[in-house]
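Welcome, and please load the model in your viewer. We will go from stop to stop, selecting a few residues each time.

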Amino acid sequence: MTPKPAAAIASYVTDMVALEHHLEKALAGQISDLDEDQQTASALRTIHATCEQHISVLESLADRREELGQGFAEMVKKAASSVLGAGAAAVDFVRTEKLPKNLRDDYTAVSLASIGYVMLHTTALSLGDDEVAEIAHKHLQNHAKSVMTLHNIIPGAVIAFLQEEGYTASRDVLSTVARNLASVWRDDSGVPDPDDRMAGRGSTRAGL
């Protein structure tokens with residue numbers, strides 16, 4: 001018997017709700033501990049608001065769709081353990097590490113969410129569900145901004161931590177770090193073209 005497209009889409013949606021919930025809790029816990037670092041707190045509040053908005057959109061989708069609404073809360077609870085797996089520490093809101101490592105774990109969790117939305121977008125588009133495909137596309141765009149936000153604040157947090165530990169770490173290198181990171185993202189040499197990779201699989205490319 002041919003499986004129903006709705007089942008595949010529901011599986012990815014519940015995974016994303018579970019991940020967004022855990023990331024939201026992680027960020028909320030961090031923000032409450034950043035009274036003296038308002039710049040970082042402001043950046044994390046922006047990402048936190050993004051997660052809350054994503055959760056609202058996905059839960060509203062579940063409310064409107066019978067195939068998602070039935071047992072949705074239980075499905076999300078089960079998805080939490082499977083989607084996180086060994087990476088659960090990345091979204092553990094009980095933090096014991098210093099700020100730079102917490103931000104590194106945030107980056108890991110946001111990256112996990114990003115690739116999850118790539119998979120949801122691809123699944124929905126290939127199965128003809130344009131609404132879910134558009135939601136996944138929008139959420140992927142949002143988390144791409146979150147990734148760049150973390151890129152921008154982590155170097156400064158690392159140097160501040162080194163200084164707190166007594167190292168003579170210079171903040172003068174931050175401009176060099178920024179240039180080097182920008183050059184990495186601009187340099188696509190050696191990366192295969194997506195059309196070339198997909199051509200051999202008979203796929204129709206859908207721009208993300």
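Begin by selecting leucine 112, which lies in helix 5. Helices here are DSSP runs of H or I with at least four residues, strands are runs of E with at least two, and both are numbered from the N terminus. Leucine 112 counts as partly exposed, because its relative accessibility is 33%.

Before moving on, a word about what is on your screen. This is a predicted model, in which local features need pLDDT of at least 70 and side-chain atom pairs count only at pLDDT 80 or more, while totals for chains, interfaces and linings use all residues. Residues are numbered from 1 along each chain as its sequence is written, and side-chain values use heavy atoms, with hydrogens and water left out.

**The whole protein**

Now zoom out and colour by secondary structure. How many helices and strands does the protein have? There are eight helices and zero strands, so from the N terminus on the elements run α-α-α-α-α-α-α-α. Of the 208 residues, 38% count as buried.

**Along helix 5**

Select residues 99-126 to see helix 5 by itself. Its 28 residues should span 40 Å at 1.5 Å a residue, and its end C-alpha atoms are 40 Å apart, which agrees. The expected span is 1.5 Å times one less than the number of residues. Just after helix 5, look for glycine 128, which takes a positive phi of about 85°.

Patches are made of residues with over 30% relative accessible area and no salt bridge; nonpolar side chains (Val, Leu, Ile, Met, Phe, Trp, Tyr) are joined within 5 Å, and like charges within 9 Å. The areas come from the Shrake-Rupley method with a 1.4 Å probe, and for residues only the protein chains shown count as cover. Isoleucine 115 also lies in helix 5 and is partly exposed, with a relative accessible area of 45%.

**Two salt bridges**

Side chains of opposite charge can pair when their charged atoms come close. How many salt bridges does a search of the whole structure find? The search finds two, a salt bridge being a side-chain nitrogen of Lys or Arg within 4 Å of a carboxyl oxygen of Asp or Glu.

Select glutamate 131 and arginine 64, whose closest N and O atoms are 2.9 Å apart in a salt bridge. Glutamate 131 lies in helix 6 (residues 130-164) and arginine 64 in helix 2, so the pair ties together parts that are 67 residues apart in sequence. Glutamate 131 counts as partly exposed, at 33% relative accessibility.

Next, select aspartate 105 and arginine 104, whose side chains meet in a salt bridge of 3.3 Å, N to O.

**A negative patch**

Select Asp33, Asp35, Glu36, Glu164 and Glu165, which gather in a patch of negative charge on the surface. Glutamate 36 is found in the loop between helix 1 (5-31) and helix 2 (38-64), and it is exposed, with a relative accessible area of 84%.

**Last stops**

Isoleucine 31 lies in helix 1 and counts as buried at 15% relative accessibility. Finish with asparagine 142 in helix 6, which counts as buried at 13%; its C-alpha atom is separated by 8.7 Å from that of isoleucine 47, 95 residues away along the chain.

Note on methods. Lys, Arg positive; Asp, Glu negative; His and termini not counted. Charge placed at Lys NZ, Arg CZ, Asp CG, Glu CD. Buried < 20%, exposed > 50% of the residue type's maximum accessible area, 1.4 Å probe, protein only.
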